[in-house]
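The structure goes in here before any entry.

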Amino acid sequence: MLFKRDKKLWKRGEELFDQLAKELQVASAKLAKAVITWCNYEQDPEARQKIVKLQDEIIEAERRCDDIKEELIDSIFSKGAYLPQATEDRHRLVRYMDTIVNRTEVVIRRLCSKKDFPSRIPHEMPILAEKVQRCTDYLQDALKYLDKDYDKARNFASKVDAMREEARDLDFHIFGRIHSPDYPPKDAAYLYTISVSLVKVSEAAEQTSDYIQTMTVKYG
């Protein structure tokens, strides 16, 4: 029996998939901006207010992502917009992408949970946030080319893996710096939590990029 794809549903599915990727990237960019603002709080008397505003925007982005995911699962995947095998792959990608956004929200909430600023913040912290953002930037490029050019999709996916490795190495470096007499134990514990939480975003991006590479092998 031939499978007949609903072209209208498929088009809507592609639109939603693109929206999800863009929301993910925007949330990641806002997180990087929040971390940079946090690190430069001594030069910015409005740093706290700016970070809280970015938190609200990221939470809103996460809610939009939930709405997109719900529509994809309930109204697109379940209605035959894609071939059965492609439906399974897309469904898994959506879950992976949702994990990235959820972890992004976790970081910003943890960042805002402490009402005062640490007495000292490692200067590598904004660099780590930027590396995490680059992971999601590369991921969006990989997603963009997934159905257009498998070689380009694989290339951008491999860049996610390499950038995640750089983020992890920097996290270890930060860990060594904060566990020194220069950092009060309470601040060290908080800074470690933020650093690890950032790396978890990059790990979720890597998990997604790994699956993209699997898909390019399967369909290429």
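The entries below record what I looked up.

**Basis.** I am working from a predicted model, in which local features need pLDDT of at least 70, side-chain atom pairs count only at pLDDT 80 or more, and totals for chains, interfaces and linings use all residues. Residues are numbered from 1 along each chain as its sequence is written, and side-chain values use heavy atoms, with hydrogens and water left out.

**Aromatic pairs.** I paired rings of Phe, Tyr and Trp (its six-membered ring) with centres within 6.5 Å, calling planes under 30 degrees apart stacked, over 60 edge-to-face and the rest tilted. I get six aromatic pairs by this rule. I looked at Tyr 96 and Tyr 211: the ring centres are 5.8 Å apart and the planes stand at 75°, so I log the pair as edge-to-face. Tyr 96 belongs to helix α3 (residues 84-113) and Tyr 211 to helix α6 (residues 185-219), so the pair ties together parts 115 residues apart in sequence. Helices here are DSSP runs (H or I, at least four residues), numbered from the N terminus. I find both Tyr 96 and Tyr 211 buried (under 20% relative accessible area; exposed is over 50%, partly exposed in between; 1.4 Å probe, protein chains only).

I then took Tyr 145 and Phe 156, a stacked pair with 5.9 Å centre to centre and 5° between the planes. Tyr 145 sits in the loop between α4 (125-144) and α5 (150-178), and Phe 156 is in helix α5, so this pair ties together parts 11 residues apart in sequence. Tyr 145 is partly exposed at 21% relative accessible area, whereas Phe 156 is buried at 16%.

**Charges over rings.** My criterion was NZ of Lys or CZ of Arg within 6 Å of the ring centre and within 35 degrees of the ring normal. Arg 90 lies over the face of Phe 17, 4.4 Å from the ring centre. For Lys 114, the charged end is over the ring of Tyr 190, at 5.6 Å from its centre.

**Asp 44.** I located Asp 44 in the loop between α1 (7-39) and α2 (47-76). Its relative accessibility is 17%, so I count Asp 44 as buried. Leaving aside neighbours within four places in sequence, Asp 44 is in contact (heavy atoms within 4.5 Å) with Thr 37 and Lys 50.

**Helix packing.** Among the α1 residues that meet α4 are Phe 17, Trp 38 and Cys 39; the α4 side includes Met 125, Asp 137 and Leu 143.

Definitions and conventions. Helices (H or I, at least four residues) and strands (E, at least two) are DSSP runs, numbered from the N terminus.
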